[in-house]
Amino acid sequence: MIFKKYKIKNINKRKVSVDIKLVIENYCDFDHVNYVHKRCYNYCKVIRRQGNTTFLEYGVYHIPPIPIIHHYEMEHKFISPNRIIYTSNRKGSKDKVIGEIYFEQKGKETEIVQIHNFSLPMILKPFEFFIKILLNRWSQILWDEDSEMMENRKNFIENGYKDGFHCGRWVNENGNIFWKFNKKN
Ligand SMILES: [Fe+2]
């Protein structure tokens, strides 16, 4: 009885004034995680890719800045044209986190709906409200970092700079990590 689990569904809806193509690219790009999301991730490592599916290992700080790392594995799949599905589990655990992300262009904005399904031991049910607050706090930190980066990329592109790894690089200047675009000519 004490090991009984129950299911939780958490839904987040967000908007950013960036084209859907760039937003989806960001959700399928894992290279930025180690640089941009240092508050929430200790590491993110791509193990292999197979078509639109990526297998990853990563370490999470669930309650930043508390430096406790939880290690996960993930299978992340982009389904054209506008959906991502993912399953993850703590290393050594059979409990799956199952998620779906939908993207939709609405005028100049992109709407992102993320549905996150996971299970918790019954014993933690009284703390569900608190657990959701922590989960949403974690997700909000990531969103603030991602939306800022996506808006910066959009501005660079609109100002005539080319985007992409061949056109720039991540730099660390005095502890500030950011993407530096090469000059146009
Ligand atoms: Fe990100």
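This is a predicted model: local features need pLDDT of at least 70, side-chain atom pairs count only at pLDDT 80 or more; totals for chains, interfaces and linings use all residues.
1. Arginine 49 has threonine 54 in E3 as its bridge partner. Residues are numbered from 1 along each chain as its sequence is written.

2. Strands E2 (residues 41-50) and E3 (residues 53-61) run antiparallel, joined by 8 bridges. Strands are DSSP runs of E, at least two residues, numbered from the N terminus. Two strands pair if DSSP finds at least two bridges between them. E2 and E3 make a hairpin with 2 residues between them. In the turn, glycine 51 has a positive phi of about 60°.

3. E3 is also joined to strand E4 (residues 69-79), by 9 bridges, and these two run antiparallel. Opposite valine 60 stands histidine 70 in E4.

4. Proline 65 sits in the loop between E3 and E4. Proline 65 counts as exposed because it has 6 C-beta neighbours inside 10 Å. From proline 65 to isoleucine 84 is 19 residues in sequence and 29 Å in space, C-alpha to C-alpha.

5. The largest nonpolar core has 7 residues, including Val16, Val23 and Met150. Such a core is a set of buried Ala, Val, Leu, Ile, Met, Phe, Trp, Tyr and Cys residues joined through C-beta atoms within 7 Å.

6. Valine 23 is in contact (C-beta atoms, placed from the backbone, within 7 Å) with Val16, Val18, Phe103, Thr110, Ile112 and Met150, leaving aside neighbours within four places in sequence.

Key. A residue is buried if 20 or more other C-beta atoms lie within 10 Å of its own, exposed if 12 or fewer, and partly exposed in between; C-beta atoms are placed from the backbone. Two residues are in contact if their C-beta atoms, placed from the backbone, lie within 7 Å. Helices (H or I, at least four residues) and strands (E, at least two) are DSSP runs, numbered from the N terminus.
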